[in-house]
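Please look over the protein displayed here before reading on. The notes after it are grouped by topic.

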Amino acid sequence: EIMAAKYFLQRHACRSMTEDYTHSSMLGARDQCSQGTGRFRFGDDRETQTQLAKAIATFFLHDRNKLYLTEHPSDRYAFVEDIDIEGSRDSGTPSIMRPKDADLEFL
């Protein structure tokens, strides 16, 4: 299952920084599925979107190598938001970033 999810992502990875893309990995070029660009191009058709949802769920359920993807702003989707949390190595992980059961996880 996890290998199929990785293969799906690799098939949709951008091969160059000049290629149009729909999603960015928050791991950037370090994302092992992104061909060194940190960018992906997923089609907007139902089949591709369903496969993307399944890949995200597979990574989440295996609780390793979680996907941290963000949609690339476009004319259709222009809203971008981020959250900056300040801390230090000595203060540990802020409690807002420690998920509880069934909560979403902040990066």
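In which elements of the protein is confidence lowest and highest? Confidence is lowest in β3, at a mean of 83, and highest in β2, at 94. These values are pLDDT, the predictor's confidence in each residue, from 0 to 100.

This is a predicted model, in which local features need pLDDT of at least 70 and side-chain atom pairs count only at pLDDT 80 or more, while totals for chains, interfaces and linings use all residues. Residues are numbered from 1 along each chain as its sequence is written, and side-chain values use heavy atoms, with hydrogens and water left out.

**Confidence**

- The protein averages a pLDDT of 79, and 65% of the residues score at least 70.
- Where pLDDT is low, the predicted coordinates should not be read in detail.

**Overall build**

- The protein has 2 helices and 3 strands, and their order from the N terminus is α-β-β-α-β.
- Helices (H or I, at least four residues) and strands (E, at least two) are DSSP runs, numbered from the N terminus.
- Of the 107 residues, 24% count as buried; buried means under 20% relative accessible area, exposed over 50%, and partly exposed in between (1.4 Å probe, protein chains only).
- The protein exposes about 8,400 Å², of which carbon and sulfur atoms supply 49%. Accessible areas come from the Shrake-Rupley method with a 1.4 Å probe, and for residues only the protein chains shown count as cover.
- Among contacts between residues at least 6 apart in sequence, 49% join residues at least 24 apart. A contact means heavy atoms within 4.5 Å.

**The sheet**

- The 3 strands form an open sheet in the order β2-β1-β3, with antiparallel pairing. Two strands pair if DSSP finds at least two bridges between them.
- β2 and β3 (69-71) stand at the edges with a single partner strand each, so one side of each has no neighbour in the sheet.
- Strand β1 (residues 23-25) pairs with β3 in the antiparallel sense over 3 bridges.
- The bridge partner of S25 in β3 is L69.

**The aromatic rings**

- The structure holds 2 aromatic pairs. Rings of Phe, Tyr and Trp (its six-membered ring) pair if their centres lie within 6.5 Å; planes under 30 degrees apart count as stacked, over 60 as edge-to-face and the rest as tilted.
- F8 and F42 form a stacked pair, at 5.7 Å centre to centre and with 15° between the planes.
- F8 lies in helix α1 (residues 2-11) and F42 in the loop between β2 (39-40) and α2 (46-62), so this pair ties together parts that are 34 residues apart in sequence.
- F8 counts as buried at 4% relative accessibility, and F42 is buried with a relative accessible area of 4%.
- F40 and F42 form a stacked pair, at 5.7 Å centre to centre and with 10° between the planes.
- F40 is buried, with a relative accessible area of 0%.
- Ring pairs link F8, F40 and F42 into a cluster.

- T48 is found in helix α2 and is buried, with a relative accessible area of 10%.
- Not counting residues up to four places away in sequence, T48 touches F8, H12, F42 and G43.
- T58 lies in helix α2 and is buried, with a relative accessible area of 11%.
- Not counting residues up to four places away in sequence, T58 touches E1, I2 and A5.
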